[in-house]
Amino acid sequence: MTTTDWLSVPVAQIYGRLVRVNGLLLEAVGCQLGTGERCLVERQDGSLVEAEVVGFDRELLHLMPITATDGLVPGARVRPLNGVSPAPVGPGLLGRVLDGCGEPIDGQGALKGIHWCRARLKTPNPLLRRPIDEPLDVGVRAINAMLPVGKGQRLGLFAGSGVGKSVLLGMMTRFTEADIVVVGLVGERGREVREFIEHSLGDEGRKRAVVVVAPADSTALMRLRAMRLCHRIAAGYRDQGHNVLLLVDSLTRYAQAQREIALSLGEPPATKGYPPSAFTQLPSLVEMAGNGESTCGTLTALYTVLVEGDDQNDPVADAARAILDGHIVLTRELAEQGQYPAIDVNASASRLAAQLSDASTRAAMQQLRQFNARYNEVKSLIPLGGYQPGQDPQLDLAVQAQPAIKQFLSQSMAEGQSRHDSLAQLHQLVEGWRHG
């Protein structure tokens, strides 16, 4: 045999084999793979299921599939893949809709103008991150005026189901001054995906947006991948010098996906059924967002947090509130009163409000909050005749100002308002009270 013949001999492919399917978990032997690496499991009909190594026990690998596991049989071949899951990055992603693996699902053909890179981000050195010193105009009056958002800030949008989270996200996507918007729809109903893209996002919003989708019927691993992909794409545009707004719906579904995997691996449940790893993964994810070490681009992130039963002390909500730079609370009570967006400004807070606003603006914010708080003290007494005007001048002024406050905090979903106009309207409102 000549040297050429030796070179043409194909390299042997090493296969493992599937030994067990335990709920969501696949177990295999015979493969040398590390955690986070991928493999392909062969179905009975010859088709393949991609899976990722999420743990091991001696020689036994624990795999989590990204698609349905129908058709798997005992002893099925398991073929290792090289490397961890890749992510597409580049200008060709604008206007496209992707799944959690980075594959297009919008029917517009293959991706162009992109390159593939490692999906997992390296967290920037905290001492080298670009500071947050510029406000970001999000086009929503209540947020621009009362809860200023800085370029690079990470906030949570806390609300129960059906209170208007998706509508508010769509408004911010269309009206923000950010160069690029990356939207992650993770674990939400499949029906809402098309509605968000066609109605909330619209044609104009879609031109500068990238949408990553992993509906509720996706596997837990697909939901985790979609969340990581959102951050990887947003960070890629940030590092190119763009001002990026990352909108993720929702952080709760990410924690639930992590819970499914952890419980399948035998991790004991802790707080309300969530194992400890579900909470340790949240800071790791959030730290991927924010500004990087470059002095050019910025990455602002807004995560929706589903408050189950409108309980603000839900464990995921409580953990998210502690690691984010602020929280915006939507309440069912305001939504039922017809105020949209249903933002409770007194229950909400931006931790960077002081450094993003001047003294006069901070005073105006404080005045509106005080009037809101005083009115909430007596609003239940007004229909019963328990409130008598003339006894407390400040309370009387707060009650009289309430219609104007409600009108100021309300905004049509088709209407955008700049930060400059929002602040001007706030000052005009407060000046009217002072001279009234």
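In helix α7 (residues 276-286), the buried residues are Ser277, Ala278, Leu282, Leu285 and Val286; buried means under 20% relative accessible area, exposed over 50% and partly exposed in between, with a 1.4 Å probe and protein chains only. These residues lie on the same side of α7, because they cover an arc of only 160° around the axis, taken from the directions from the helix axis to the C-beta atoms. The cover over them includes β12 (154-159), α5 (220-239), α6 (251-264), β16 (298-306) and α8 (315-323).

This is a predicted model, in which local features need pLDDT of at least 70 and side-chain atom pairs count only at pLDDT 80 or more, while totals for chains, interfaces and linings use all residues. Residues are numbered from 1 along each chain as its sequence is written, and side-chain values use heavy atoms, with hydrogens and water left out. Helices (H or I, at least four residues) and strands (E, at least two) are DSSP runs, numbered from the N terminus.

**Barrel**

- Six strands close into an antiparallel barrel in the order β1-β2-β5-β4-β3-β6, where two strands pair if DSSP finds at least two bridges between them.
- From one strand to the next, the twist averages 45°; axes are lines fitted to C-alpha atoms, for helices over the stretch in contact, and angles run from 0 to 180 degrees between N-to-C directions.
- Strands β3 (residues 37-42) and β4 (residues 48-57) run antiparallel and are joined by five bridges.
- Arg38 stands opposite Glu52 of β4.
- Gly83 is found in strand β6 (residues 77-84) and counts as partly exposed, at 33% relative accessibility.
- Leaving aside neighbours within four places in sequence, Gly83 is in contact with Glu37 and Arg38, contact being heavy atoms within 4.5 Å.
- Gly83 and Gly34 are 49 residues apart in sequence, with 9.5 Å between their C-alpha atoms.
- Helix α5 lies across β3, β4 and β5 (60-65), and runs at about 90° to β4.

**Open sheet**

- Eight strands form an open sheet of mixed pairing, in the order β8-β14-β13-β15-β16-β12-β17-β18.
- The edge strands are β8 (97-98) and β18 (349-350); each has a single partner strand, so one side of each is left without a neighbour in the sheet.
- Strands β13 and β15 run parallel and are joined by six bridges.
- Val182 has Leu246 as its bridge partner in β15.
- Helix α4 (residues 190-207) lies across β8, β13 and β14, at about 165° to β14.
- Helix α6 lies across β13 and β16, at about 70° to β16.

**Nonpolar cores**

- In soluble globular proteins, nonpolar side chains tend to be buried together.
- The largest nonpolar core has 54 residues, and Val182, Ile233, Leu246 and Tyr303 have the most contacts inside it; such a core is a set of buried Ala, Val, Leu, Ile, Met, Phe, Trp, Tyr and Cys residues joined through side-chain atoms within 4.5 Å.
- At least two residues of this core come from each of β13 (180-186), β14 (209-214), α5, β15 (243-249), α6, α7, β16 and α8.
- Helix α5 supplies the largest share of this core, twelve residues.
- Apart from neighbours within four places in sequence, the contacts of Leu246 include Val182, Cys230, His231, Ala234 and Tyr303.
- A second, separate core has 53 residues, among them Leu155, Leu247, Phe371 and Ile405.

**Cysteines**

- The structure holds zero disulfides, a disulfide being a pair of cysteine sulfur atoms within 2.5 Å.
- Cys117 is in no disulfide, and the nearest cysteine sulfur, that of Cys230, is 14 Å away.
- Cys117 is buried, with a relative accessible area of 16%.
- The sulfur of Cys230 is too far for a bond, because the closest cysteine sulfur, in Cys101, is 13 Å away.
- Cys230 is buried, with a relative accessible area of 0%.

- Most residues other than glycine have a negative phi, and most peptide bonds are trans.
- The peptide bond from Asp249 to Ser250 is cis, with omega near 10°; Ser250 is in the loop between β15 and α6.
- Tyr340 and Pro341 are also joined by a cis peptide bond, with omega about -5°.
- Arg58, which is not a glycine, has a positive phi of about 55° and lies in the loop between β4 and β5.
- Lys272, in the loop between α6 and α7, has a positive phi near 50° and counts as exposed at 57% relative accessibility.
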